[in-house]
Amino acid sequence: MVELTVCIGTSCHLRGAEKVIKTFQRLITSNRLEKKINLQGTFCMGKCSGKKVQVSINSEAYETCPEEAEGFFLTEVLNTAK
Amino acid sequence: MFFGPPSNPLDDHDAISGFMNEIGEKIILGGTTCSIFEHHLKSKTRIELKTSGCELLPYGFLGNIFVTEGTLTLKKLNDVFFSEYNIDDAVKLLKDKIAKHDKIKIYRGRAINPVNGIDKNAVFTEFVKYLRESGKSPEIVNF
């Protein structure tokens with residue numbers, strides 16, 4: 001099971017965390033990955049000064065934004081889930 | 001209510017211990033604040049992702065303690081404090097919880113996150129003003 005975590009604290013919320021989550025939820029459903037990927041939120045990853053929304057895949061840190069979320073999922077997340 | 005991290009991290013333990021020993025319903029506001037609680041309580045917050053929408057502010061539960069994002073949620077609550085609000089989100093849950101209580105003790109952490117550019121102090125001052133105007137008795141402990 002891949003643990004995909006999105007920060008939804010204030011700074012990441014302002015950078016579009018909710019839209020990133022919606023994109024991930026849509027792609028998990030359309031790719032039938034509900035049993036392979038556990039999408040969860042966290043209120044702070046301690047990287048508020050980052051430029052984009054903070055994300056982790058199995059505790060490894062990344063960042064993305066609403067415009068790049070689909071590409072991020074199709075590369076980084078799916079590669080990990082294979 | 002616990003709003004924001006203490007300005008001095010050395011006060012985290014005392015502030016959290018004091019808060020946890022209070023009697024009554026507990027609410028934590030703030031993502032960083034929530035992380036500090038998670039560390040001290042050795043517990044993880046369960047965030048309600050399914051109820052989040054692009055326009056909605058997130059919330060969750062740390063054990064049975066209601067947890068929300070902080071300043072944006074409180075700012076939005078201020079905007080609707082004296083009006084009807086029926087959107088099923090963190091603001092409505094917070095509004096309903098506050099409405100149930102006459103005495104509200106607030107542990108106010110004075111640390112500021114310089115990144116998000118929101119005037120946390122102004123939002124908090126307005127919130128306390130509205131509590132008093134609605135007949136409640138807020139007690140504030142600053143850290």
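Predicted model: local features only at pLDDT ≥ 70, side-chain atom pairs only at ≥ 80, totals over all residues.
**Helix H4 of chain B**
- H4(B) spans residues 90–99, and its buried residues are B:Ala90, B:Val91 and B:Leu94.
- Because these residues cover an arc of only 95 degrees around the axis, they sit on the same side of H4(B).
- On the face turned away from that buried side, H4(B) carries the exposed residues B:Asp96 and B:Ala99.

**Helix H2 of chain B**
- Within H2(B), residues 31–41, the buried set is B:Gly31, B:Thr32, B:Thr33, B:Cys34, B:Ile36 and B:Phe37.
- In chain B, the packing partners of these buried residues are strand E1 (2–3), helix H1 (12–20), E2, E4 and E5.
- The buried residues of H2(B) also pack against H1 of chain A.
- Just after H2(B) comes B:Lys42, with a positive phi of about 55 degrees.

**Chain B as a whole**
- Chain B has five helices and seven strands, arranged along the sequence as β-α-β-α-β-β-β-α-α-β-α-β.
- The radius of gyration of chain B is 14 Å, close to the 15 Å given by the globule rule for 143 residues, so chain B is as compact as a globular protein of that length.
- Taken along the principal axes, the box filled by the C-alpha atoms of chain B is roughly 40 × 35 × 35 Å.
- Buried residues make up 34% of the 143 residues in chain B.
- If you look at contacts in chain B between residues at least 6 apart in sequence, 67% of them join residues at least 24 apart.

**Where the chains meet**
- The contact draws 18 residues from chain A and 19 residues from chain B.
- On the side of chain A that touches chain B, the elements giving two or more residues are helix H1 (10–14), helix H2 (17–30) and strand E2 (37–42) of chain A.
- By class, that side of chain A has seven nonpolar, eight polar and three charged residues.

**Confidence in chain A**
- Chain A has a mean pLDDT of 92, with 100% of its residues at 70 or more.
- Among the elements of chain A, the lowest mean pLDDT, 88, belongs to H1(A), and the highest, 96, to strand E3 (residues 53–57).
- H1(A) is also one of the elements that give two or more residues to the side touching chain B.

Definitions and conventions: Residues numbered from 1 in each chain as written. Chains lettered and ligands numbered in written order. Buried ≥ 20, exposed ≤ 12 C-beta atoms within 10 Å, placed from the backbone. Helix = DSSP H or I, 4+ residues; strand = E, 2+ residues; numbered from the N terminus. Arc of directions from axis to C-beta. Contact = placed C-beta atoms within 7 Å. Nonpolar A, V, L, I, M, F, W, Y, C, P; charged D, E, K, R; others polar. pLDDT = per-residue confidence, 0-100. Rg over C-alpha atoms; globule rule 2.2 N^0.38 Å.
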